[in-house]
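Hi there,

Here is the structure I promised to send over. Have a look when you get a moment, and then read on for what turned up in it.

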Amino acid sequence: MARSSTSAAPVLVPEHPEPLRPLPVPPAIPTAAEPDPVRLGWLLFAVALLPRLFIFPLAQNLYGDAVVRTELAQRLLSEPRVLTSFADGAYQFGPLQLYLTALPLALGIEPVDAGRWVSLLFGALTVLPLFALTRRLFGWRAGVVAVLGLSVWGMHLQMSTTAGSEALSLFLVTWALALFGKGWDEGRLAPLAAAAGALNLACATRYDTWLLLPLLSVLLVFQRGDRIAAFTRALFFGFLCLPFPLLWMQGNELAHGNPLYPVRFIEEFHRGWVSEGVGRYGELPYRLHNLFFWPGAALFTLTPLVGFFGMVGMWRTWRDEPHDRWLVLVALVPTAYYAFRGAVLLDFVPLARFAVSQLVLLLPFVAEGATALLSGRATWVRRGTVGLAGVLAVGMPLAIGLFTWRNDTGVSNSLKPVSPVATNPVPVMKVADYLHEQVRPGSGVVALDEDPVYMDVQIGFFSGLGEDRLLRHRWGTDFDKRLAVQVPDYVVLMKGGKLAARPDMVVRADGLTWRGVEYEPVAGMKPTHQLFRRR
């Protein structure tokens with residue numbers, strides 16, 4: 001009986017085996033290489049500049065104390081000095097923007113445009129740090145999305161074409177955060193030092209940016225990793241943030257006995273506005289308004305889908321990317337602080353212009369939020385949603401701008417603060433244009449009524465008349481002193497003003513008599529803003 005063999009069949013092994021070859025894989029989906037970031041950044045700058053250049057000749061200084069800031073810059077130019085406090089002529093405003101506005105004035109640019117050119121430059125330049133910040137967190141495509149959102153943001157278009165301080169402040173804040181993000185990621189002191197320098201400039205522009213100093217310093221303390229290194233970076237950064245705030249506080253302490261005197265001055269305005277708001281809407285509705293103001297402003301001014309994508313992107317970043325939570329906190333902590341003051345303490349009135357430093361920080365998260373919501377959806381859903389977001393982002397500001405353009409109705413006046421183009425009330429400009437075209441070339445003196453909503457300031461500014469030819473009732477005792485030696489050639493009266501209530505003035509349908517001098521009405525003016533000429 002034959003035995004069955006249990007030995008394995010011999011295996012032939014080559015003397016010099018060939019290396020194993022990887023299995024073939026399907027070709028990867030081609031992806032576009034990242035463009036040169038410098039070239040792309042300046043291309044995006046041009047994209048942001050174009051709509052602002054289009055709006056620039058249509059816009060007028062109105063919100064953000066644009067006129068007052070320009071007039072203070074004119075005073076600074078006529079009497080050059082170092083501003084060290086409220087008392088030196090900066091009043092409740094940061095000094096940096098006044099200095100910058102004085103530069104184009106010194107070059108001969110008309111006051112109506114000088115501050116607006118400053119805002120236009122820094123408003124368009126904001127795309128560069130915003131792109132750098134977003135690219136670092138989410139990539140260059142997300143950076144492009146963020147910049148496109150800023151380019152058509154209606155409120156930022158207005159701020160970039162008027163002489164308020166918001167465009168400059170927003171540039172400085174985004175620049176500081178872009179540098180801070182670099183220092184945060186790399187753990188190096190040099191970018192943090194540069195960020196602290198940018199924050200000093202931001203603090204010299206607007207007081208709401210002062211909140212970022214302690215916030216960013218505390219975030220550095222709790223950064224993950226080496227605790228001693230984190231504390232060292234926080235101490236270093238916080239120390240470098242102090243020069244301007246300390247100098248400014250010292251100046252106000254010496255001048256007024258209160259280092260935070262300008263802030264207290266601003267808070268007085270807010271207390272008055274709170275009283276008006278509670279009286280108009282009731283306490284509970286007004287508290288609810290203040291509580292939900294910031295998310296409402298985001299969804300309306302950034303447009304609904306862009307704002308919603310940004311919120312979702314923030315939430316997803318908080319959940320999935322602990323290293324990048326710092327930017328979420330930079331947006332949410334000030335928002336919570338102001339909401340608490342407005343809704344609980346009831347000592348602060350939220351305005352859309354005050355919220356821009358937080359609203360702009362939604363833009364870096366827009367692409368991330370859109371990806372989270374639309375990934376896995378049908379192609380037509382993705383394309384349709386993104387297309388609708390783009391249409392709303394462009395169409396809503398355009399519609400608001402067209403609706404509010406030289407429209408003084410109630411709804412229009414409510415939308416004007418967030419419109420891409422700011423225009424003064426038509427009756428105001430009728431008086432101002434007449435004074436500019438008919439009175440300015442001569443030597444006539446104008447007596448200017450005091451308007452409850454400060455339209456007298458607008459008329460005086462756009463008239464182009466020097467202070468030696470304007471008798472402003474708003475200046476109190478100075479008005480009566482000058483009136484004793486100057487006889488006005490023209491008189492401007494306003495609804496709700498104070499001149500008509502003077503015992504030495506008699507207003508009639510066919511004119512007025514003031515201090516024995518007869519004046520006749522100038523044709524074409526509105527009843528709310530009347531102009532009279534000496535007979």
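**Helix H5 and its surroundings**

Helix H5 (residues 127-138) has 12 residues and spans 16 Å from its first C-alpha to its last, close to the 16 Å expected at 1.5 Å a residue. Please keep in mind that this is a predicted model.

Which residues of H5 are buried? They are Val-127, Pro-129, Leu-130, Phe-131, Leu-133, Thr-134 and Leu-137. These buried residues pack against helix H1 (37-55), H4, helix H6 (140-151), H8 and helix H17 (325-345). After H5 comes Gly-139, which has a positive phi, near 105 degrees.

H8, one of the helices that the buried residues of H5 pack against, is also where you will find Ser-169; the helix covers residues 166-186. Ser-169 has a relative accessible area of 2%, so it counts as buried. Beyond its neighbours within four places in sequence, Ser-169 is in contact with Thr-205, Arg-206 and Thr-209.

**The second largest pocket**

Two or more lining residues come from each of helix H2 (66-78), helix H4 (111-125), helix H22 (426-439), helix H23 (455-463) and strand E2 (470-472). H22 gives the most, with six residues. By type, the lining has 12 nonpolar, nine polar and 12 charged residues.

Note on methods. Residues are numbered from 1 along each chain as its sequence is written. This is a predicted model: local features need pLDDT of at least 70, side-chain atom pairs count only at pLDDT 80 or more; totals for chains, interfaces and linings use all residues. Side-chain values use heavy atoms; hydrogens and water are left out. Helices (H or I, at least four residues) and strands (E, at least two) are DSSP runs, numbered from the N terminus. Ala, Val, Leu, Ile, Met, Phe, Trp, Tyr, Cys and Pro count as nonpolar, Asp, Glu, Lys and Arg as charged, and the others, Gly among them, as polar. Buried means under 20% relative accessible area, exposed over 50%, partly exposed in between (1.4 Å probe, protein chains only). Contact means heavy atoms within 4.5 Å. The expected span of a helix is 1.5 Å times one less than its number of residues.
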